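Subject: Structure for your files

Hello,

Here is the structure to look over. My notes on it come after.

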Amino acid sequence: LVTPADDLETFDYQARTVLQFLDEFDLQLAVNGDFFSPWKDYGPFNYYPHVGDGANVRGLAASQGEVVSVGTSPPDSYVTLYISRDNRISFIAPEGEIYNAISGHTRILDNGKIVDFGDFGYPSSRHPRTAIGLSQDKNTLILVVVDGRQPNYSEGATLYELAELFQNLGAHEAINIDGGGSSTMVIENEGVPSLLNSPIHSRIPARERPVANHLGIYAKPLP
């Protein structure tokens, strides 16, 4: 499930944390989604969005057959993951219905090879990261969150390190989605939403950031 539209007056989404998203839609696993705006973070109280504030995403987004956003950025500045009605995954736009779709900053693995980002700036510095990968046989979806900005615990990862991690996990394709203080993974733990990582919002470890959209997974109950 990709976050459905909230249809606010000038925004597609009403910001919520990943934990709130998982709990609201009765999911078993969820991660944060696309880069979004408006956004600011000047400390524990002076940030935007708070829970309930409006936000728009950078790339294409769709939820259960409804295109929620065509993106605030040009199509050549982001990459999109498409999930069909029968849960088939592709990084190529379908010819027919767009069922679920979520976008990210860039492709990090292309046909099993690490993309060349250059050796400066955002790709080569260490940050918290969230990314989505797919195995070559397209039978395995891989979700990864890397913590960061927390000395003596985790410094984060460069995009090169993130791509290498996906190679080691058996991915053939992978994209980087929103990271930094947004990077969060939550699991349902015996009916209770539980953080699997240590997000770093407003420089406070284990504090979740309200984000625009999310990707959630429903798991069949064990027999």
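Predicted model: local features only at pLDDT ≥ 70, side-chain atom pairs only at ≥ 80, totals over all residues.

Residues are numbered from 1 along each chain as its sequence is written, and side-chain values use heavy atoms, with hydrogens and water left out.

Sheet. Five strands form an open, antiparallel sheet in the order S13-S12-S16-S14-S15. Strands (E, at least two residues) and helices (H or I, at least four) are DSSP runs numbered from the N terminus, and two strands pair if DSSP finds at least two bridges between them. At the edges are S13 (113–114) and S15 (141–146), each pairing on one side only. S14 (residues 129–135) is joined to S15 by six bridges; Gly 133 has Ile 142 as its bridge partner in S15.

Ala 171 is in strand S16. Ala 171 is buried, at 9% relative accessible area (buried is under 20%, exposed over 50%, partly exposed in between, with a 1.4 Å probe and protein chains only). Leaving aside neighbours within four places in sequence, Ala 171 is in contact with Leu 109, Gly 133, Leu 134, Ser 135, Ile 142 and Phe 166 (contact means heavy atoms within 4.5 Å).

Pockets. A pocket is an open set of points on a 1 Å grid over the protein atoms alone, with protein on both sides within 12 Å along at least five of seven lines; a 1.4 Å probe fits at the points, and lining residues have an atom within 4 Å of one. Of its 19 lining residues, the closest to the centre are Ile 83, Asn 87, Arg 88, Ile 89 and Ile 217. The second largest pocket has about 180 Å³, and its lining includes Phe 35, Phe 36, Trp 39 and Arg 209.

Backbone. Most residues other than glycine have a negative phi, and most peptide bonds are trans. Asn 87 has a positive phi near 70° and is exposed at 60% relative accessibility. Arg 203 has a phi near 65° and is exposed at 59%. The peptide bonds from Ser 37 to Pro 38 and from Tyr 48 to Pro 49 are cis.

Regards

Methods. Points joined across faces, edges and corners; volume = space filled by probe spheres on them.
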